[in-house]
Amino acid sequence: MKRFTKAAVLGATALAAGLVTTAAQAQEDVITVTAQKREQTLQEVPIAVSVVQAETLENAQIVDALDLQSVIPSLRVSQLERSSNATFIIRGQGNGANNPGIEPSVAVYIDGVFRPRAGSALSDLIGIERVEVLRGPQSTLFGKNATAGVVSIITQEPQFEFGGVVEATVGNLNQRIVRGSVTGPLSDSLAFSLSGSRNTRDGYYENLGNGGDFNDRDRWAVRGQLLFNPTDNLSLRLIADHDEIDEKCCGTDRVIDGLTAPLIRDVLGGRTSAGAGFNYQIATDFANENQIENSGISLQADWSLNDNVTVSSITALRQYDDFVNFEGDFTTLALLGENTRGLDVQTFTQEFRLTGDWNNRAFYLLGAFFSDEDMTVTDSRIYGAGARPYVNLLTATGVVQVAPGVFIPNPATSTITVLEAATGFPAGTFYGAGRGTRFTAEQSDRQMQLFGQVDFDLTERLTLTAGLAYFRSEKEVDFTDVTRNNPFSDLNLVQVGFGLLLQGAGVANPNDPAQVAAFAAANPAAFAAIQAASTTFPSSGAPLSNPLLTLFQQGLQPLGAMTPFPNSVEDGRTEDSDWPYTLRLAYDLRDNVNVYASFARGFKASSWNLTPDTRPASADVAALRAAGQLAADNALGLPTIVNTAEALGVAGNQRFARPEITETFEIGIKSQFDWGFLNVALFDQTITDFQSSIFLGAGFAVTNAGEQSARGVEFDAAISPPAIPGLTLTVSGIWMDAEFNDFPGAPVVSGSPEDLADGVPDGRGDLSGVTVAGVAEFAGSFGVQYAREVGFGEAFVRADYQYESETNLGNSLPTSLTREVGTFNAGLGVNLNNGLEALLWGRNLNNDEYYTAGFPTTLQPGSFSAYANQPRTYGVTLRARF
């Protein structure tokens with residue numbers, strides 16, 4: 001395959017963001033990428049890849065990974081609940097969120113080292129050379145968690161010439177950022193670099209309760225590097241880094257105010273977050289804690305055996321600690337008294353690569369990758385003092401007059417109180433302060449991959465690429481350290497309701513088998529009707545139903561029975577293996593135009609549900625019950641029982657999600673002209689057993705979507721009109737149609753048509769044939785920039801507009817909750833010849849307002865909350881290079 005010449009290569013697709021480098025300037029600088037784990041120019045590499053260079057990061061005020069989506073339309077990065085809870089999504093595919101056992105579908109690498117959790121890649125971007133975003137399955141070369149794509153961040157390596165940069169930023173919301181890097185030689189063969197940053201900002205969500213404002217910034221990072229070149233053919237690069245985050249995140253709007261709101265505000269005197277309208281106000285009874293410590297060390301060795309063969313090794317050891325104490329109920333009432341989660345993740349990775357060029361006809365790569373990860377999860381969900389009074393009002397069946405003409409629910413008639421007495425528990429047991437769940441889970445994850453790829457020039461212009469990998473994963477989970485004293489969630493409301501219906505029919509003691517048998521013999525039709533009614537929801541409109549099931553439908557049995565494992569039935573192990581592969585043909589139509597067609601298979605191993613909602617597989621329930629190990633006895637000595645979900649047959653398999661497989665067919669064209677470039681890719685992507693983890697307000701639903709597909713076209717282009725030197729116009733975008741081909745038993749809105757289709761309003765339905773929510777049909781970036789040489793240096797102005805068409809926030813949310821993005825960013829700067837630079841910048845200058853994600857509000861049936869985007873920010877950055 002003919003290699004593009006230096007003059008034929010134009011800059012990155014990231015020009016869509018408004019890069020200061022013009023098309024003409026880009027022709028002078030080859031943009032190198034390592035998307036195939038070897039250096040190639042951006043235009044010659046025949047895959048869909050976007051590159052954001054250091055200059056773009058600086059001039060577009062891209063501070064961290066969350067900002068990258070503003071320059072790459074195919075990438076979306078969402079921050080939910082807390083600072084570390086980020087999800088990377090490429091072409092509509094991504095997962096992970098705040099279930100620690102569900103690993104992401106987009107792999108994040110920094111300097112060739114895999115970051116297993118998104119929170120370990122969210123520190124400020126300092127000393128960066130470029131960011132590459134590879135779209136589509138990359139499991140052949142990148143292995144672990146790369147079914148949707150890869151985000152690869154490459155830092156600047158130490159230089160043998162002394163230099164550096166220091167910058168300071170002052171912005172609204174009292175933002176203060178200080179960053180700097182210095183590099184230079186320590187000897188003829190040893191160079192160093194040191195980079196650091198400090199970023200603080202006030203919160204933009206006003207807290208009407210206690211604990212201070214939300215969505216602030218308080219983080220710092222440092223990175224040190226040594227580059228040792230003892231000989232001409234050996235290079236050693238040692239990198240050590242550490243960063244910390246201590247913030248209050250994340251604020252929410254109460255976008256749908258359910259029927260519980262008057263109880264909270266008018267009866268109990270509490271406050272809630274502001275309703276829809278982007279008021280940026282929240283109300284909590286204590287401050288969120290988000291504390292992250294992330295550190296690691298890596299050594300990369302590259303040894304050139306001769307001019308054609310190179311051996312490389314990357315060894316890394318990383319430590320990631322993440323603690324959050326999240327208020328969780330979004331009110332000033334103490335519904336949740338404690339809601340903490342902690343992660344302790346230790347990861348060792350080792351990669352070996354052998355690369356070579358055979359007879360100038362074939363470039364080959366052989367490699368092996370090993371990952372050894374140990375993770376400890378600590379979790380506590382404990383009710384506060386406000387939980388029982390609230391639930392008493394919510395479940396009251398009568399009213400009481402508190403003023404002339406003013407009636408409120410009578411807590412003395414609470415269904416919870418009645419059930420408490422009927423089942424023999426002391427008063428105040430159900431939803432009592434200090435009751436709930438605690439657990440500690442440990443997971444070991446060993447993953448190994450052997451991989452190889454060859455690029456063979458069939459002719460001078462036609463190249464065949466074939467890659468194959470063998471992937472194996474072994475995970476072992478210990479979920480035996482469980483403490484529970486929350487018996488209400490263990491109650492089988494079907495069984496209890498059955499007894500109440502029998503009592504209503506005249507059976508004095510429904511717990512006496514003899515009395516029940518006598519009634520059934522004497523009244524077979526009535527008995528059959530009562531049996532059917534015990535599993536019938538009142539909302540069905542049936543003449544006879546189980547009134548207690550309303551409590552289940554309202555989500556008032558969270559934090560249910562957790563069966564510890566390993567046990568006699570479940571060994572807590574998964575072993576997965578697969579053969580990911582890549583096939584591609586690339587053809588140079590002309591020296592400046594190439595086309596390619598590819599098919600790739602990606603694989604992600606099983607993911608465990610490491611939350612209080614973990615449940616055994618339906619097929620294991622009977623065996624566990626026979627062994628006396630189902631739903632372990634709690635602190636009150638409640639005997640092992642079947643809970644409501646199991647009795648209704650809707651418990652499902654919440655223990656782990658099966659492996660996820662992505663297959664993508666793609667054709668593309670990359671072209672370079674004197675006036676700019678145009679790149680286009682068409683893709684057809686199918687995901688089998690997509691690993692879904694969705695928060696439903698009181699817990700997580702973990703399941704596999706049978707099949708999800710996405711078809712679309714991506715494009716990016718830049719135009720630098722010869723008649724107007726210094727002017728560059730850029731555009732990039734993606735059209736995509738994503739839908740669930742097969743997804744029965746999916747989490748849906750409770751009471752929605754999908755939920756009621758099977759007659760059981762359990763929040764489950766069939767989404768087969770339904771559009772995947774949260775994936776815009778079109779997303780685009782449109783930019784303009786003008787740079788001009790002046791006597792004292794260079795002056796430039798840039799602007800970009802980011803657009804996403806309207807889409808639903810989530811398939812488990814009401815269709816009225818949507819997002820549509822139209823954000824305007826701009827900057828004005830000067831770069832002086834003496835190394836001083838100044839930038840006046842603004843992001844979201846039009847103060848565009850949209851929600852990034854939503855969820856059912858915790859313990860408040862009918863209410864929904866959503867995370868709002870960041871409002872307008874602006875500031876001044878001063879920079880000095882030396």
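This tour moves through a predicted model, one selection at a time.

**First stop: the disulfide**

Begin by selecting Cys 249 and Cys 250, which form a disulfide with their sulfur atoms 1.8 Å apart. A disulfide is a covalent bond between the sulfur atoms of two cysteines. The count for this model comes to 1 disulfide, and if you look along the S-S bond, the link of Cys 249 and Cys 250 is right-handed, with an angle of 75° about that bond.

**Second stop: Asp 445**

Next, select strand 24, which covers residues 436-457, and pick out Asp 445 within this strand. Is Asp 445 buried or exposed? Asp 445 counts as buried because its relative accessibility is 1%, and the cut-off for that word is under 20%. Now show the side chains of Asp 445 and Gln 447, which are joined by a polar contact of 3.1 Å. If you then set aside residues up to four places away in sequence, you will find that Asp 445 touches Glu 103, Lys 144, Ser 371, Asp 372, Glu 373, Ser 473, Glu 474 and Lys 475.

In soluble globular proteins, nonpolar side chains tend to be buried together. To look at the largest nonpolar core here, which has 31 residues, select Tyr 383, Leu 419, Phe 430, Tyr 431, Phe 488, Leu 493 and Leu 551, the members that touch the most other members. Then colour the elements that each give two or more residues to this core, among them helix 4 (261-267), helix 6 (415-422) and helix 7 (493-504). Helix 5 provides the largest share of this core, with 5 residues.

Stay with Phe 430 for a moment and show what surrounds it: leaving aside neighbours within four places in sequence, Phe 430 is in contact with Arg 388, Ile 416, Leu 419, Glu 420, Thr 423, Phe 425, Pro 487, Phe 488 and Leu 491. A second, separate core has 27 residues, and you can find it by selecting Val 52, Ile 72, Val 108 and Ile 110, which are included in it.

**Last stop: a pair of helices**

Finally, select helix 8 (residues 513-522) and helix 9 (residues 524-533), which pack at an angle of about 115° with their axes 5 Å apart. Show the side chains where they meet: Val 516, Phe 519, Ala 520, Ala 521 and Ala 522 in helix 8 face Pro 524, Ala 526, Phe 527 and Ile 530 in helix 9. What kinds of residues make up the contact of helix 8 with helix 9? The residues of this contact divide into 9 nonpolar, no polar and no charged.

Definitions and conventions
Residues numbered from 1 in each chain as written. Predicted model: local features only at pLDDT ≥ 70, side-chain atom pairs only at ≥ 80, totals over all residues. Heavy atoms only, no water. Helix = DSSP H or I, 4+ residues; strand = E, 2+ residues; numbered from the N terminus. Buried < 20%, exposed > 50% of the residue type's maximum accessible area, 1.4 Å probe, protein only. Polar contact = N/O pair within 3.5 Å; in protein donor to acceptor, adjacent residues only side chain to side chain. Contact = heavy atoms within 4.5 Å. Core = buried A, V, L, I, M, F, W, Y, C linked by side-chain atoms within 4.5 Å. Axes fitted to C-alpha atoms, helices over the stretch in contact; angles between N-to-C directions. Nonpolar A, V, L, I, M, F, W, Y, C, P; charged D, E, K, R; others polar. Disulfide = S-S within 2.5 Å.
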